[in-house]
Amino acid sequence: MLSVFKSIPTHMDYKGQKLAEQIFQGIILVSAVIGFIYGLFIQQFGWTVYIMLAGFTVSCFLTLPPWPMYRKNPLKWQPAVPEASGENRDKPQENQKKKKHK
């Protein structure tokens with residue numbers, strides 16, 4: 001059963017993160033404006049809050065899961081460099097003298 005969860009992608013690339021942030025902010029802004037106008041029109045602040053919560057719920061559903069539209073531009077990683085065996089791996093410049101400034 002644990003292997004089912006490991007097969008679910010959980011990453012999002014940088015452009016996908018930017019897109020998700022823009023969608024989130026846009027939905028929140030639109031729902032705030034609609035909620036404010038509707039609440040002002042019917043003189044009920046509660047409806048303003050309900051519309052804001054509905055916008056927040058919709059925006060969370062659209063932006064929190066890593067949908068495929070947020071994974072279109074993966075990073076190209078450099079190939080791994082093989083480790084060099086030797087004693088100078090930890091601090092290669094430890095034995096060099098430091099220059100004194102005048």
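Me: A polar contact is a pair of N or O atoms within 3.5 Å; within protein, one must be able to donate a hydrogen and the other to accept it, and residues adjacent in sequence count only if both atoms are side-chain atoms. Which residue caps the N-terminal end of helix 2?

Reply: This is a predicted model, in which local features need pLDDT of at least 70, side-chain atom pairs count only at pLDDT 80 or more, and totals for chains, interfaces and linings use all residues. Residues are numbered from 1 along each chain as its sequence is written, and side-chain values use heavy atoms, without hydrogens and water. Helices are DSSP runs (H or I, at least four residues), numbered from the N terminus. The cap of helix 2 is Asp13, with a side-chain oxygen 3.3 Å from the backbone nitrogen of Lys15.

Me: Which residues of helix 2 are buried?

Reply: An α-helix has 3.6 residues a turn, so residues three or four places apart point the same way. Buried means under 20% relative accessible area, exposed over 50%, and partly exposed in between (1.4 Å probe, protein chains only). In helix 2, the buried residues include Gly16, Ala20, Ser31, Gly35 and Gly39. Helix 3 (45-63) is among the elements that cover the buried residues of helix 2.

Me: What phi does Gln43 take?

Reply: Most residues other than glycine have a negative phi. Gln43 is not a glycine, yet its phi is positive, about 60°. Gln43 sits in the loop between helix 2 and helix 3.

Me: Is Gln43 buried or exposed?

Reply: Gln43 counts as exposed because its relative accessibility is 61%.

Note on methods:
Helices (H or I, at least four residues) and strands (E, at least two) are DSSP runs, numbered from the N terminus. Contact means heavy atoms within 4.5 Å.
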